[in-house]
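Dear colleague,

I am passing on the structure we spoke about. Please look through it when you have time; my notes follow below.

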Amino acid sequence: MDAMQRLLDIMARLRDPQDGCEWDLQQDFQSLTKHTLEEAHEVVDAIQRNDIDDIRDELGDLLLQVVFYCQIAREDNLFDFSAVANGLSDKLIRRHPYIFGDQVASSPEQRRQAWEQIKSAERQARSESVNSRLDGVSPGFPALIHATKLQQRASNAGFDWSRAEPVLAKIKEELAEVEEVLPEGDQSRIEDEIGDLLFAVVNLTRHCQVDAETALRQASMKFSRRFQYIEAKLEETGRVMEDTDLVELDSIWDEAKAKGVH
């Protein structure tokens, strides 16, 4: 508590109208959003690299964002950090009745269903009428996360396949439609069909209990390491990628795979 209060006091001092930090005083909810996203991604990156020092440091930067928003809100008499923390505590207790209450949930699936039912009740309480079971899935999420959450909501309502095999068939169907529109050169249709293909692939990740965001991030990092392997191999002979034909580049790429670069 002392550490948290110290941080809150520092933030208040930085926002002091008389002699606070000029940059901090210029910030508002909107201007901070890009920094919040950056800090969240940096936390994920540190975790992916398993750099404990960086994880601690980046979590501090992310916590700063929360404290910053709370200070701005306190100045405008909207809410403060205590309201945020107490609201979160109440929510955690409310969403875990099998821990803090007398509800029995003996399996992970029962606990997941209880969690979803409580969240659904919370959404209805915030709105006089619920128009769709998809309400509340923010379009501000990264596209992969947004697609996954939409599909999970639909699955909770029973609109889902029970196995992965039909999803694979759907992916093949969507890929065939991409192949069909490519020769036409209609960019709008190409984008539409590729979007359907990506959405179907996200559905497969969900059925395979794979996090789409994590899987794609790991694939991107693997690509980077193999690409850098090619660059290093070419540098050994004083060459650059732009002057090397694709056949040789592919050969070095296969060499990187064979050596376990991933």
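What radius of gyration does the protein have, and what would a compact globule of 262 residues have? The protein has 24 Å, whereas the compact globule would have a value near 18 Å. Please keep in mind that this is a predicted model.

On overall dimensions, a box of roughly 65 × 50 × 40 Å, taken along the principal axes, is filled by the C-alpha atoms of the protein.

The secondary structure consists of twelve helices and zero strands.

Of the contacts between residues at least 6 apart in sequence, 53% join residues at least 24 apart. The accessible surface of the protein is about 18100 Å², and carbon and sulfur atoms account for 54% of that surface.

On charge, there are 52 negative side chains and 31 positive ones in the protein. The centres of these two sets are 7 Å apart.

One residue I looked at individually is Leu 168, which sits in helix 9, spanning residues 165–181. Is Leu 168 buried, partly exposed or exposed? Its relative accessible area is 40%, so Leu 168 counts as partly exposed, the range between under 20% for buried and over 50% for exposed. Val 137 is 31 residues from Leu 168 along the chain, and the C-alpha atoms of the two are separated by 25 Å.

Regards

Methods:
Residues numbered from 1 in each chain as written. Predicted model: local features only at pLDDT ≥ 70, side-chain atom pairs only at ≥ 80, totals over all residues. Heavy atoms only, no water. Helix = DSSP H or I, 4+ residues; strand = E, 2+ residues; numbered from the N terminus. Rg over C-alpha atoms; globule rule 2.2 N^0.38 Å. Contact = heavy atoms within 4.5 Å. Areas by Shrake-Rupley, 256 points an atom, 1.4 Å probe, with all protein chains shown as cover. Lys, Arg positive; Asp, Glu negative; His and termini not counted. Charge placed at Lys NZ, Arg CZ, Asp CG, Glu CD. Buried < 20%, exposed > 50% of the residue type's maximum accessible area, 1.4 Å probe, protein only.
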